[in-house]
Amino acid sequence: MSAPTAPLAAGGEQAPSRATLAAVDRLRRSLDAIVWVRALAQGGVVAMVVLVAARLALMAGAPVADTPLLHTAWLAVAAGVLAAAARRWRDGRLDRTRAALWAEEQAPRAFAIVTAVEPQRADVRALLEPRLSDVPWSAVAGRAARRALLPSLAALIVLSAVILLLPEPAAIMGARAAAAAARGEGAGSPMAAPGAGVGAVTVVVRPPAYSGLPVRTERDPASVSALVGSAVRMDGRTAGALRARDGDAPLAVSRDDDRWSVSLTMPERPVVATLSAGGRDRLVLLTPVMDSTPTVTLAQSVRDTVLRAPTGTIALAAEARDDLGLASGGFEYIVSSGEGESFTFRGGTVGQVTLGGARKATLRADLRLDGLALGPGDIVHVRALARDANSLGGPGVGSSETRTIRIARLGEYDSLAVEGAPPAEADSAALSQRMLLIQTEKLEEDRPRIARDSLMTRARRISSDQTRLRKQVGEMVYMRLGDDVGGEHSHFPGDGHEHGAEGRLDPDDILARASAATGGGEPVALDFHGDETPVVAVNKPLLEAYNHMWDATRALDVGEPARAIPPMHLALAALQRARQAERIYLRGRPPAVVVDVAHARLQGRTRGEDNARAPRPASDPAAALRAERLERALRLLAAGDSARPDAAALDSLTVLRADALTSDAALAAALGTALDRLRAGEDAGAALRRARRLATGAPVTRGGLRRWGGLP
Amino acid sequence: MSAGLTGVAPDEPRRATTATVASASRDGEFVFATAQYESGDWDSAPLVPANLIDSVARYTSIPVAPTGAIVPLSSAALLRYPFAWLTGHLPVRFSDAERRNVRLWLERGGLLFVDDHNHDVDGAFHRTATEEIERTVGPLRELPNDDALYSAFFRFDDGPPTTSHELNGWGDNLVHEHLLVARIDGRPAVLYSNKDYSSEWGYHPDSKRFMAVDNTRFGVNLIVYALTR
């Protein structure tokens, strides 16, 4: 049945029949679907080709990419999408006319269908419609789909089979590792791991939450740095048994078929994780990164100060920094009150703020002195503090320098710094007289128990000392009369000189002589005026002391200490009065005490004891041990092949580096550089020489040159 | 009891910038060094140096300078002295320069003796000084009473001798049976005392003649220990 007649177009042309249009539209939709499916299939083929190529490249020995974006799966997906998009774009837009053209090409019966889908004359339409109604549109579309899709589908099937037949990447890596081990390649190389069992190692480091640092993954590392407290997980695939230890301590290993996993928390010390499988070891050095404490710098106030009154406000400012983040900060003060031996303390904080993890912050506060109840002499010690957010070992606290604000004492501004004069000579005489008195009293106490000869000997010894003291006092007296120091010798008997009879001094006579010397009238006691010359002063108490000493001397000479004691008391009292009469009251720093070393030498009444002293150990025995270990490792290196360093030597250097991390950072760094170069197959001579210099310290003399690495 | 703070002109910081070397010191002589720090009353025991110098001369043949030296802890001159005495009543806060210099000096073999002149474990000196020592050197531990210090010259079988202030109940009313020690590589670097030897030894050496038992003998052990450990 013919299609309903379309309305007449302008110029006598009729629109194409709906049936024809519908058939062509169905064909067009079918072709559109086929084009899309073909593009997707070809994209899939491209992706499969990439996967196969990568697998073959891995089998051929290509390195494994560490960056996730370069992993094979991502590459394949990206390639497939790009290929599909490119194919679809190349096919272009499929409209009705193109579909009709395509139908003309594919189906002879669809001759002139392009004309049929356009407005035509009625006679042309009448001619074409019957012919087009017999076109097998479904078969045409089906053939097109088969031609377009079958090759791609076949390719997909073949490539899938190839991928299934090829070994897994882990197995390929294991085989490569085994091959590398068989060839004796070094530990830690991305291409090799000792022993067929250990295989490739992936280390995942998850830092503590408070640090805000991202999770990090490293493949086949020789060493990994991790913040203390980080969760460290080592993964891999091993067919056989695997053991893990840290030094001598075993590490727990989790297994899931051939997958293994070792988890630990990064301690504060280096960890040398030894993975053992198939009789071979693999070392992974975990080096701790310590969370440093915040650094705080006090910007205000810039110096200590003394205030007259405890009023006002002290502006405080400080800068704080931390490597990971600050949690809080503020200022701390301590108020010290008291003097001498008695002090009290109280403290507090001001300007406390929460810093929310910022790595740098400025702290500000005002310290109101009125609120601290300060008194004269009080001291306020102020410093800035900052804490980090370390929630594992406790927050690290950093502090600034301390500033002191002192409140002046009441009389402080009236003080004068006066250098004290040396003690008057009378002081030393008083002390000596007191000692003589003690000795005489002791002699009197012992007198009933000792022989007469012993009594006399001791009494005369005291008498001799008393005489010397008396002479000193006499010299002081005559010095003040203007005579020379040897005045007593010249003018007074008493010590055996031929100048007159021995006897006590007559104070009146002395005063008369003093007045004659001054040219004055009535003898008066004049003040002592320091070093004024001529010195004319008479000190009656000194004269009294001199006479009492004389009496005591006479009593001691006859062996009667009991009779000597009362005049000694009187002499002592007179000297005390003389000292007080001429005392200069001092203010300021007391004179420095200079010890008479020669006089005190070995005068102690007790002796030290002989002690067997152990020989002093070497200043750093650990350094000597490290140097020895380095020498042994270097000998191993020298004995092996320079192109492929001995694995044992590398392991020894790795363990030595771990030990040096905490005690000799420079040596650890030098060893790290040397190990990196050795594993990369590069020349590590310079780094090893530097490590040796650091380990051995100062040059030492040896019997001969040592053989190492080609050096003469 | 020792003297208190000396008179200081107002508005002047209580600091000195140079060490005062004993005027009569010669090469080879032991010079008693008093540590000067910026934050407190470092000079609260002015007679201790002379007293211990006298004791060293009295009991040993060690050449010793007749006067001591005052050495700022931030000064490189500290490296010239094997032993330094640090005391005070007030809080101790090392500046960065002081901390660095003290650490360097201790690593090179110096011995710092710190004495709490308050004799008070609750006092600010003890709290702050121990904190600074732990920051600079490391943790303080009890020194065993059979350490070589107690037989370095005189024998003290019961450990550090008690002081009159401990026995009188002064300060924290405790008799401290141990000194504390902070070590570097196993070697004593800082000795810390709560026993107030600054008051016990803070008198003129001439007064020693009136004592039946010289209470400064332990000071001789400290100095001999510092020179021979």
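**View 1. Chain A as a whole.** The accessible surface of chain A comes to about 38700 Å², and carbon and sulfur atoms account for 56% of that area. Please keep in mind that this is a predicted model. Chain A contains 18 helices and 21 strands, and 41% of its 712 residues count as buried. Take the contacts in this chain between residues at least 6 apart in sequence: 66% of them join residues at least 24 apart.

**View 2. A five-stranded sheet in chain A.** Here five strands make an open, mixed sheet, ordered β5-β12-β11-β7-β8. The edges belong to β5 (223-227) and β8 (249-251) of chain A; each has a single partner strand, so one side of each has no neighbour in the sheet. From one strand to the next, the twist averages 30°. At one end of the order, β7 (residues 243-246) of chain A runs antiparallel to β8(A), joined to it by three bridges. Look for A:R245, whose bridge partner in β8(A) is A:P250.

**View 3. A helix across the chain A sheet.** Helix α16 (residues 647-663) of chain A lies across β5, β11 (271-277) and β12 (280-289) of that chain, at about 20° to β12(A).

**View 4. A seven-stranded sheet in chain B.** Seven strands of chain B form an open sheet with mixed pairing, in the order β2-β1-β3-β4-β7-β6-β5. Because β2 (69-72) and β5 (141-142) of chain B each have a single partner strand, one side of each is left without a neighbour in the sheet. Four bridges link β1 (residues 33-36) of chain B with β2(B) in the parallel sense, and B:T34 has B:I70 as its bridge partner in β2(B).

**View 5. A helix across the chain B sheet.** Helix α3 (residues 124-136) of chain B lies across β3 (83-88), β4 (111-116), β6 (180-184) and β7 (187-193) of chain B, and runs at about 170° to β7(B).

How values were computed
Residues are numbered from 1 along each chain as its sequence is written. Chains are lettered from A and ligands numbered from 1 in the order in which they are written. This is a predicted model: local features need pLDDT of at least 70, side-chain atom pairs count only at pLDDT 80 or more; totals for chains, interfaces and linings use all residues. Side-chain values use heavy atoms; hydrogens and water are left out. Two strands pair if DSSP finds at least two bridges between them. Helices (H or I, at least four residues) and strands (E, at least two) are DSSP runs, numbered from the N terminus. Contact means heavy atoms within 4.5 Å. Axes are lines fitted to C-alpha atoms, for helices over the stretch in contact, and angles run from 0 to 180 degrees between N-to-C directions. Buried means under 20% relative accessible area, exposed over 50%, partly exposed in between (1.4 Å probe, protein chains only). Accessible areas come from the Shrake-Rupley method with a 1.4 Å probe; for residues, only the protein chains shown count as cover.
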